Amino acid sequence: MAKNQVCLFFYVQGRFLIHGCDLKEAEAYGDFLVYPDSHFEIWDRFYYDTYGVDFDYFPRGRVAYNKAEKKYYLYYDTCIENKVQSLIDSYDSGDVLLKYDEHYQCSKCNLNYKV
């Protein structure tokens with residue numbers, strides 16, 4: 001992950017699958033800049049044929065940039081909380097805020113997940 005980028009990511013079989021872009025290529029979403037494609041689009045395009053499960057099966061998250069606060073927000077699935085430090089280390093210290101968002105629940109964390 002390059003510094004000063006927004007991204008979305010999946011955590012699959014012990015490694016991050018990251019898709020990122022520079023802020024100038026990011027999409028505006030309210031006060032945020034975000035990676036322009038969705039998890040669903042990226043998963044369908046690059047990974048579905050390999051893993052054979054839906055995009056929300058594995059833990060996932062995203063790094064978005066808050067323009068007003070000049071901070072990055074790292075949204076993640078809580079089951080990988082101890083793994084996201086490597087992503088945080090890609091940014092300047094103090095520029096990243098960890099944010100849990102129930103939207104990013106994998107099949108194990110989401111009690112309503114249907115396989």
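Tutor: Start with confidence. In the chain, helix H2 (residues 85-88) has the lowest confidence, at a mean of 87, and H1 has the highest, at 98. The score is pLDDT, the predictor's confidence in each residue, from 0 to 100. The chain averages 92, and 97% of the residues score at least 70. This is a predicted model, where local features need pLDDT of at least 70, side-chain atom pairs count only at pLDDT 80 or more, and totals for chains, interfaces and linings use all residues. Residues are numbered from 1 along each chain as its sequence is written, and side-chain values use heavy atoms, with hydrogens and water left out.

Student: What makes a run of residues a helix or a strand, and how many of each does the chain have?

Tutor: Both are DSSP runs, numbered from the N terminus: helices are H or I with at least four residues, strands are E with at least two. The chain has two helices and seven strands. Their order along the sequence is β-β-β-β-α-β-β-α-β.

Student: Why is the chain called as compact as a globular protein of its length?

Tutor: Set its radius of gyration, taken over C-alpha atoms, against the globule rule, 2.2 Å times the number of residues to the power 0.38. The rule gives 13 Å for 115 residues and the chain has 14 Å, which is close, so the label holds. The C-alpha trace spans about 40 × 25 × 25 Å along its principal axes.

Student: Why is Phe10 called buried?

Tutor: Buried means under 20% relative accessible area, exposed over 50%, and partly exposed in between (1.4 Å probe, protein chains only). Phe10 has 0%, so it is buried. Tyr47 has 13% and is therefore buried too. Buried residues make up 43% of the 115 residues in the chain.

Student: What makes Lys114 exposed?

Tutor: Its relative accessibility is 73%, so Lys114 counts as exposed. Lys114 lies in the segment after strand S7 (96-100). Its C-alpha atom is 18 Å from that of Trp43, 71 residues apart along the chain.

Student: How many aromatic pairs does the whole structure hold, and what makes Phe10 and Tyr47 one of them?

Tutor: A search of the whole structure finds 17. Rings of Phe, Tyr and Trp (its six-membered ring) pair if their centres lie within 6.5 Å; planes under 30 degrees apart are stacked, over 60 edge-to-face, the rest tilted. Phe10 and Tyr47 are 5.9 Å centre to centre with 70 degrees between the planes, an edge-to-face pair. The pair links distant parts of the chain: Phe10 in strand S1 (residues 5-12) and Tyr47 in helix H1 (residues 39-51), 37 residues apart.

Student: How do you know that Phe32 and Tyr73 are edge-to-face?

Tutor: Their centres are 5.1 Å apart and their planes are at 80 degrees. Phe32 is in strand S4 and Tyr73 in strand S6 (residues 71-76), so the pair ties together parts 41 residues apart in sequence. Phe32, at 17% relative accessible area, is buried. Tyr73 counts as buried at 8%.

Student: Which residues do ring pairs link into a cluster?

Tutor: Phe10, Trp43, Phe46, Tyr47, Tyr51, Tyr57 and Phe58.

Student: By class, what lines the largest pocket?

Tutor: Eight nonpolar, one polar and three charged residues. Among the lining residues are Glu27, Phe32, Arg62 and Tyr104. Strands S3 (27-29), S4 (32-34) and S5 (60-66) are the elements that give two or more residues to that lining.

Technical notes. On a 1 Å grid over the protein atoms alone, a cavity is a set of points where a 1.4 Å probe fits but cannot get out, and a pocket is an open set with protein on both sides within 12 Å along at least five of seven lines; lining residues have an atom within 4 Å of a point. Ala, Val, Leu, Ile, Met, Phe, Trp, Tyr, Cys and Pro count as nonpolar, Asp, Glu, Lys and Arg as charged, and the others, Gly among them, as polar.
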